[in-house]
Amino acid sequence: MLNLKGITKTFDSGTEALSATTFTLSDGEFVSLVGPSGCGKSTLLRIVAGLSQPSAGEIATSSEMEDLRIGFVFQEPTLMPWSTVFENVALPLQLVNGSPNTDDVDRITTVLQWVGLEEFQNAYPRELSGGMRMRASIARSLVLQPDLLLLDEPFAALDEFTRAQLNEDLLHLWEEQKWTAIFVTHSIREAAFLSNRVLVMSPRPGRVIADIAVPFKYPRQPSLRNDHAYTDFCASVSQRLATSLPGANQ
Amino acid sequence: MKTSARLILPLLFGFVLLSLWEALVGFYEIPPYILPSPRDIGESLWVDGPSLLAALAITLQVTVAAMILACVTGVGIAVLLVQSKLLERMLFPYAVFLQVTPIVTIAPFIIIWVDSVFVVLLILAWMAAVFPIISNTLLGLKSADRNLHDLFKLYSASRSQTLRRLLIPAALPYFLGGLRISGGLALIGTVVAEMVAGTSGESSGLASRLLEASYRLELARALACFVLLSITGYGIYAVLNWVSNRLLRHWHESALDDPSHA
């Protein structure tokens with residue numbers, strides 16, 4: 001569905017964030033991007049979303065996907081603090097379609113049910129826990145039925161337990177709905193649990209240095225995390241990442 | 001218990017202070033044309049009350065009109081300035097001039113150019129009140145979350161959608177902070193303008209009455225005017241504070257009951 005060719009990004013300050021990043025994304029894939037801090041993962045995501053222009057290279061979408069609908073989940077929940085959960089989730093519909101109609105209300109209610117927030121639809125963000133805010137943020141990204149969901153380290157600020165729970169819930173939603181996902185994370189364990197492919201990026205200027213298929217079948221159970229094969233796989237990705245770091249080439 | 005203590009403590013302090021004042025005036029036998037006792041002032045408030053309140057109504061009219069005008073123009077100017085960096089660079093220095101120029105120095109010109117006393121007072125009070133609104137609203141409009149900006153961009157929000165749904169709500173707490181300052185400044189502006197413009201007769205406001213009474217060495221009445229103006233200023237602040245808390249109570253830190261439980 002998506003073909004990235006030689007994406008390069010140099011900021012005005014002269015910092016080179018990305019150098020000739022190339023990869024392909026097929027329909028319904030769940031791909032994770034892992035890499036050291038500052039390797040341009042977030043920059044790459046912003047370029048795919050059209051929020052930032054690449055200095056060189058191009059992004060091609062398959063012909064039937066001319067008008068790719070994109071959802072974005074930020075590092076922080078990024079909710080409007082002056083609006084209720086319902087109004088926050090309704091925002092994309094209102095920005096794209098104008099005023100909400102009854103279909104929209106149904107759609108919003110459905111999406112809120114997916115993330116388990118239907119009882120909190122009238123709450124304000126400050127009344128919710130960090131995990132619930134992130135759920136609201138995910139609900140908002142799904143409300144327009146995106147073809148492609150971009151997630152920029154969405155669970156980094158959450159505690160371990162909440163994070164594991166949200167990983168499982170996100171995977172459930174994806175298994176049911178099969179949007180395509182690019183998931184940026186620092187956590188190799190998270191990447192291995194969620195995705196069917198892990199792309200390893202080099203330190204800045206970032207580019208994809210390894211494209212590793214994850215050998216575990218869907219649907220994945222939480223018990224996978226205790227599996228030896230899973231732990232071994234995480235270790236091998238971790239090693240691949242470590243060899244890319246400066247001072248690791250002996 | 002807590003609320004009543006919050007009310008009683010300042011009142012108690014005021015009572016002690018006034019008693020001390022009363023006692024000192026009595027003990028040293030200070031004549032009322034130099035320093036009237038609180039009792040004299042109270043008496044003047046009671047006797048002249050109706051006429052002073054009528055004068056206060058005139059002052060208040062100008063003050064409120066100036067506040068409304070300052071809100072409308074201040075927000076309008078801030079929204080205009082935020083549209084382009086160039087425009088802001090070009091025009092903001094003039095907004096600063098508006099703030100730093102003492103209105104007493106502009107008053108004589110306005111008095112020559114404008115016939116209506118009400119309009120003269122309005123212009124001067126507006127000049128005193130508008131800057132905090134421009135400056136705070138501008139800051140607020142620029143302080144919307146970067147990621148929310150990106151979100152609006154992602155869904156191709158129009159300029160007016162971004163303004164209505166993102167920039168204005170984000171600016172609201174800042175605007176209200178500016179408004180609280182402006183409320184006091186509008187009253188100060190009106191009072192100064194009244195004194196400079198030398199309004200008299202039917203249309204004279206409370207500040208003119210204060211000046212008039214002090215010329216006649218009727219200090220009790222002058223201080224009664226002063227007391228009414230102070231209470232009015234406090235009242236304006238209290239009302240604006242209430243409005244601000246009301247509008248922000250659902251979401252903004254400043255309006256939450258107990259910050260530690262946010």
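This is a predicted model: local features need pLDDT of at least 70, side-chain atom pairs count only at pLDDT 80 or more; totals for chains, interfaces and linings use all residues.
Visitor: What is the phi of B:Glu29, and where in chain B is the residue placed?

Guide: B:Glu29 is not a glycine, yet its phi is positive, at about 50°. The residue sits in the loop between α1 (2-28) and α2 of chain B.

Visitor: How many helices and strands make up chain B?

Guide: The secondary structure of chain B comes to 9 helices and 0 strands, and the C-alpha trace of the chain spans about 75 × 55 × 25 Å along its principal axes.

Visitor: For helix α2 of chain B, how far apart are the end C-alpha atoms, and what would a straight helix reach?

Guide: Helix α2(B), residues 38-83, has 46 residues, and a straight helix at 1.5 Å a residue would reach 68 Å, whereas its end C-alpha atoms are only 54 Å apart.

Visitor: At which residue does α2(B) bend, and by what angle?

Guide: The bend is at B:Gly49 and amounts to about 75°, with a proline, B:Pro50, following within four residues.

Visitor: How are two packed helices described?

Guide: The description rests on the angle between their axes and the distance between those axes. In chain B, helix α4 (residues 103-113) and helix α7 (residues 159-197) pack at an angle of about 55°, with their axes 10 Å apart. The two helices, α4(B) and α7(B), are therefore oblique to each other, and α4(B) passes α7(B) in a right-handed crossing. From α4(B) the contact uses B:Ile103, B:Val104, B:Ala107 and B:Ile111, while α7(B) brings residues including B:Gly189, B:Val192 and B:Val196. By class, this contact has 8 nonpolar, 1 polar and no charged residues.

Visitor: At what angle do α4(B) and α5(B) pack, and how far apart are their axes?

Guide: α4(B) packs against helix α5 (residues 117-141) of chain B at an angle of about 150°, with the axes 10 Å apart. An angle over 145 degrees counts as roughly antiparallel, and α4(B) and α5(B) are therefore roughly antiparallel to each other; their crossing is right-handed. B:Ile103, B:Ile106, B:Ala107, B:Ile110 and B:Ile111 of α4(B) meet B:Val120, B:Ile123, B:Leu124, B:Met127 and B:Ala128 of α5(B), and this contact divides into 10 nonpolar, no polar and no charged residues.

Visitor: How many residues does each of chain A and chain B bring to the contact of the two chains?

Guide: Chain A gives 15 residues and chain B gives 15 residues. On the side of chain A that touches chain B, the elements that give two or more residues are β5 (70-73) and α2 (85-97) of chain A, and the largest share, 3 residues, comes from α2(A). That side of chain A divides into 12 nonpolar, 1 polar and 2 charged residues.

Conventions:
Residues are numbered from 1 along each chain as its sequence is written. Chains are lettered from A and ligands numbered from 1 in the order in which they are written. The expected span of a helix is 1.5 Å times one less than its number of residues. The bend at a residue is the angle between axes fitted to the seven residues ending there and the seven starting there. Two residues are in contact if their C-beta atoms, placed from the backbone, lie within 7 Å. Ala, Val, Leu, Ile, Met, Phe, Trp, Tyr, Cys and Pro count as nonpolar, Asp, Glu, Lys and Arg as charged, and the others, Gly among them, as polar. Axes are lines fitted to C-alpha atoms, for helices over the stretch in contact, and angles run from 0 to 180 degrees between N-to-C directions. Angles under 35 degrees count as roughly parallel, over 145 as roughly antiparallel, 65 to 115 as roughly perpendicular and the rest as oblique. A crossing is left-handed if the near helix is turned anticlockwise from the far one by less than a right angle, and right-handed if clockwise.
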